[in-house]
Amino acid sequence: MFRGRTFLLFLVATVAAADPAPQSSIDGAIRYGLGEPLTTDQIAALNISVLPNGEGLPEGKGSAREGATVYATHCAACHGDEGEGRGDFVALVGGQGTLSSTQPVLTVGSYWPTATTAFDYIRRAMPYTTPGVLTADEVYAVTAWILEKNQIIAPGTVLDRRTLPKVRMPNKDGFLPDPRPDVAR
Amino acid sequence: MAIAAIPAAVSAEEMRTLGAARREYGERSQFERSARLFPPASSTPMTGASRSPLQDQFGIITPSALHFERHHSGVPTIDPATHELAIHGLVERPQRFTMSLLKRLPSVSRIHFIECGGNAGREHRGNSGATVQQSHGLVSCSEWTGVRLSTLLREVGLKPAARWVLAEGADASRHARSIPLAKALEDVLVAYGQNGEALRPEQGYPLRLLVPGWEGNVSVKWLHRLHVIDQPMMTRDEAASYTDLMPDGKARAFSFEMESNSVITSPSGGQQVEGRGWLEISGLAWSGRGRIEQVDVSTDGGRTWRQAELQAPVLSKAFTRFRLPWRWDGQEAVLVSRSRDETGYVQPTREAIVAARGMKEGPDGFNHYNGMKPWKITREGMVTHV
């Protein structure tokens, strides 16, 4: 036993002498230090995350009035003139009060729990064939158009980084944690 | 008259002709036709899903070229020489990693299935798939190689408030999902390898997240950004799309795990059993909660069951191949399999799932369906859905 411990100490000393010790983190695991630092500017250029509390929303503003033009130009061809949906392209408007019925209609207005989700998704992925073409003002405006059509915001409401996270979605409390396993044998 | 050493009559053409030359990158035999399946006409041709031909797969590894696909805005073309992974947010040292730096970090290879959350969702609806490719083709299994996400998070150092990791892809939809930190640290990989070579473009080349056992949508492909945050971001795919609507109008959210499942791939729908006698019933079982412990097979529609043999090694959150020799007597038969995983959970029937969760589809149909799948063999040997 004594011999074993002596050998272990010898081994540790040899390894330490041959190679400078890597940096250790709090839990004792090795940190390799290979990554390049990411600067604040680089993060700002990459980071399009928008959190439900509004963190990450850009400057800019828009209302449904401007949003109607944005929608007609970039969205209506697929989602329909009034956001009613068309074929594979989902409806964006309507369906409130139908979730507990036998024919639920799931739209941004009836189903989505957070208003920031609409802004985020439009900015990151829409329009389908030309994502990224809309300005921040246009994304705020078309988000306002969708929310106003769903009668979630009052006519004329201007959305910006302060007002958008305060919008209360009708189905905000409609979601539950995963209870599975839930199926009896 | 000279006599040929080998009479032409008994040697086939290929034995008397020089074969083809070597080639740098191999292709399958010209006689093989197995292919992914997707609708030929689509309103969004770049986007959608293609289904893996499970009926043709041997063993547990899906050939990379036949791995199912699901993407939202097409498959991007990404040059690995310029691709970088950025990690920022609630971390001590925001960092970026080139592909070559990632490959210097300690790597690990693991065999895991990926299953689309909506796999077999039409079975829940009652539209029974005619073939196993149609019914269950949105699942595949590969050996994935990459860096543990926990290694990368240790490199950047987590701040105490860190709770979730947002993963974002570099495709035209900038697909994004939030993953709880506990799972991120448990077994998630940042993978660049698939079945011994680089990821296929459809599978996220050059870099993807691999979240073992969870709905495939969270295994973000074309990974370019990880944002450590204190709450889920509520992206469309977690706030709305991948939720499960219940009969009372409430919906389950963040229902990540794919529960224990199995399906018989041979004989399966669309195939023909050629005559009575012995044949091998074979199929695939998998569970997002761990190892498959047992698979039972019934040939009488679930009245009696026999235990199938499991092909070793049986791996956690991976395909497990099961087999059972069976003598078909030429009579009508209904074949069905039932898996049990290491948690003791037993794969349910469709009826039990419908009783528990109802018949209301979420925004993209039914998710997380894992009901038993019966196949009927007619007296003529035709295999059909039930």
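Because the model is predicted, local features need pLDDT of at least 70 and side-chain atom pairs count only at pLDDT 80 or more, while totals for chains, interfaces and linings use all residues. Residues are numbered from 1 along each chain as its sequence is written, chains are lettered from A and ligands numbered from 1 in the order in which they are written, and side-chain values use heavy atoms, with hydrogens and water left out.

Consider the interface between the chains. On the chain A side 54 residues are in contact with 66 residues of chain B, where contact means heavy atoms within 4.5 Å. The size of an interface is often given as the accessible area lost when the parts come together. For chain A and chain B the buried area is about 5000 Å², and carbon and sulfur atoms give 58% of this area. Buried area here is the accessible area (1.4 Å probe) that two parts lose on being put together, summed over both.

The rule finds 24 residue pairs in polar contact across the interface of chain A and chain B, both residues at pLDDT 80 or more. A polar contact is a pair of N or O atoms within 3.5 Å; within protein, one must be able to donate a hydrogen and the other to accept it, and residues adjacent in sequence count only if both atoms are side-chain atoms. Four salt bridges are also found across this interface, a salt bridge being a side-chain nitrogen of Lys or Arg within 4 Å of a carboxyl oxygen of Asp or Glu. A:Arg180 forms a salt bridge with B:Glu259, with the closest N and O atoms 3.8 Å apart.

Elements that give two or more residues to the side of chain A that touches chain B are β2 (30-31), β3 (36-37), α2 (40-46), α5 (115-125) and β6 (175-176) of chain A. Helices (H or I, at least four residues) and strands (E, at least two) are DSSP runs, numbered from the N terminus. With five residues, α5(A) gives the most to this side of chain A.

β6(A) also takes part in strand pairing between the chains: two bridges join β6(A) to strand β14 (residues 251-252) of chain B, and the two run parallel. Two strands pair if DSSP finds at least two bridges between them. In this pairing A:Leu176 stands opposite B:Arg252 in β14(B).

Within chain B, the domain assignment gives domain 1 (84-250) and domain 2 (261-385); such bounds come from an automatic or database domain assignment. Their centres, taken over C-alpha atoms, are separated by 28 Å. In domain 1 of chain B, 38 residues are in contact with 33 residues of domain 2 of chain B. The area buried between these domains is about 3000 Å², of which carbon and sulfur atoms give 55%. B:Phe113, B:His124 and B:Val132 supply 22% of the area that domain 1 of chain B buries against domain 2 of chain B, more than any other three residues.

Four salt bridges cross the interface of the two domains of chain B. B:Glu361 forms a salt bridge with B:Arg125, the closest N and O atoms lying 2.7 Å apart.

Lastly, five strands of chain B form an open sheet in the order β18-β17-β21-β22-β23, with antiparallel pairing. Its edge strands are β18 (306-307) and β23 (383-385) of chain B, each pairing on one side only. Two bridges join strand β17 (residues 292-298) of chain B to β18(B), and B:Val297 stands opposite B:Arg306 in β18(B).
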